[in-house]
Amino acid sequence: DGQIDNQRGALVVLEGLDRSGKTSQCNGLLSFLEGLGFSVESWRFPDRKTGVGEMISSYLANKSQLDDRAIHLLFSANRWEKRSLMESKLKSGTTLIVDRYSYSGVAFSSAKGLDIDWCKAPEIGLLAPDLVLYLDIPPEKAADRGGYGVEKYEQLEFQQKVSQHYQILRDDTWQIIDACLPMEDVEKQVRELVLDCVTACRNGKPLSQLWL
Ligand code: NYM
């Protein structure tokens with residue numbers, strides 16, 4: 001219809017512990033929405049392809065050491081360097097499916113003991129997701145799923161702390177999905193929630209900013 005130019009895309013974020021199934025769900029959503037004819041892209045943070053992303057990647061691989069606050073700010077900077085592209089994509093009608101965002105940033109860093117408000121501060125002003133799908137899985141179950149890799153943070157005890165810190169960040173954009181259900185059931189719930197969200201955004205739901 002004639003309004004198509006004004007219809008914005010939705011900012012959909014998937015969050016959850018390592019091994020909660022986020023990446024599979026992101027891939028599934030991308031092809032589902034493409035199949036329905038929507039303009040859609042799948043993004044992830046950290047975006048390891050930028051200069052900042054390379055520093056993050058080296059830190060996660062234990063190839064470099066960084067102060068806890070320094071790495072926190074790099075994760076945040078990695079989102080800031082993509083902010084304007086994110087906004088223009090959304091405004092031109094493209095829906096973004098994003099694997100991790102500011103909630104990972106705050107949950108992982110505050111799980112190390114950093115103050116939560118300090119962790120949130122650099123995220124203020126980034127675009128707020130229209131929908132956060134939290135794939136909820138007990139840390140022990142996530143650990144059973146083929147085990148963790150060798151990157152930093154991929155240990156059960158730390159993931160238990162991250163899980164607790166995620167809970168503090170829940171807000172009304174969150175939908176909690178039981179990630180222990182069979183994958184098809186998770187996928188079905190994810191699709192329904194995302195379709196509703198995409199529709200709301202097309203119908204004029206305004207874009208907002210984080211944590212103001
Ligand atoms: N991570 C991710 C953070 O600590 N802060 C952040 O802001 C983001 C986006 O990086 N264990 C952590 C969570 C993961 C790790 O993510 C790499 P992935 O999704 O495994 O590439």
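This is a predicted model: local features need pLDDT of at least 70, side-chain atom pairs count only at pLDDT 80 or more; totals for chains, interfaces and linings use all residues.
**Notebook: helix packing and the sheet**

Entry 1. Helix H5 (residues 102-111) packs against helix H8 (residues 156-169) at an angle of about 125°, and their axes are 8 Å apart. I noted the pair as oblique, because angles of 65 to 115 degrees count as roughly perpendicular and those over 145 as roughly antiparallel; H5 and H8 are therefore oblique to each other. Their crossing is right-handed.

Entry 2. I then looked up which residues make this contact. From H5 I listed Tyr103, Ser104, Val106, Ala107, Phe108, Ser110 and Ala111. On the H8 side they meet Phe158, Gln159, Lys161, Val162, His165, Tyr166 and Leu169. Sorted by kind, the residues of the contact of H5 with H8 are 9 nonpolar, 4 polar and 1 charged.

Entry 3. I turned to the sheet. It is open and has 5 strands, in the order S2-S3-S1-S4-S5, with parallel pairing. Which strands stand at the edges? I found strand S2 (40-44) and strand S5 (174-178) there; each has a single partner strand, so one side of each is left without a neighbour in the sheet. On average, neighbouring strands are turned by 20° against each other, direction ignored.

Entry 4. Strand S1 (residues 11-16) runs parallel to strand S3 (residues 95-99), and the two pair over 4 bridges. In this pairing I marked Leu14, which stands opposite Asp99 in S3. Helix H1 (residues 22-35) packs on the sheet and touches S1, S2, S3 and strand S4 (131-136). The direction of H1 makes about 165° with that of S3.

Entry 5. H1 also has a helix partner, so I checked the angle between them against the cut-offs, under which less than 35 degrees counts as roughly parallel and 65 to 115 as roughly perpendicular. The axes of H1 and helix H9 (residues 183-202) come within 10 Å and cross at roughly 55°. That makes H1 oblique to H9. H1 passes H9 in a right-handed crossing. H1 contributes Ser24, Gln25, Gly28, Leu29, Phe32 and Leu33 to the contact, and H9 contributes Met183, Val186, Glu187, Val190, Arg191, Val194 and Leu195. I sorted the residues of the contact of H1 with H9 into 8 nonpolar, 3 polar and 2 charged.

Entry 6. Last, I looked at the record. An unreviewed UniProt entry annotates residues 14-190 as "domain: Thymidylate kinase-like". In the model, the end C-alpha atoms of residues 14-190 lie 10 Å apart, and the span is 50% helix and 14% strand.

Notes
Residues are numbered from 1 along each chain as its sequence is written. Side-chain values use heavy atoms; hydrogens and water are left out. Axes are lines fitted to C-alpha atoms, for helices over the stretch in contact, and angles run from 0 to 180 degrees between N-to-C directions. A crossing is left-handed if the near helix is turned anticlockwise from the far one by less than a right angle, and right-handed if clockwise. Contact means heavy atoms within 4.5 Å. Ala, Val, Leu, Ile, Met, Phe, Trp, Tyr, Cys and Pro count as nonpolar, Asp, Glu, Lys and Arg as charged, and the others, Gly among them, as polar. UniProt positions are given in the numbering used here, feature names are shortened, and annotations may be inferred rather than shown by experiment. Two strands pair if DSSP finds at least two bridges between them.
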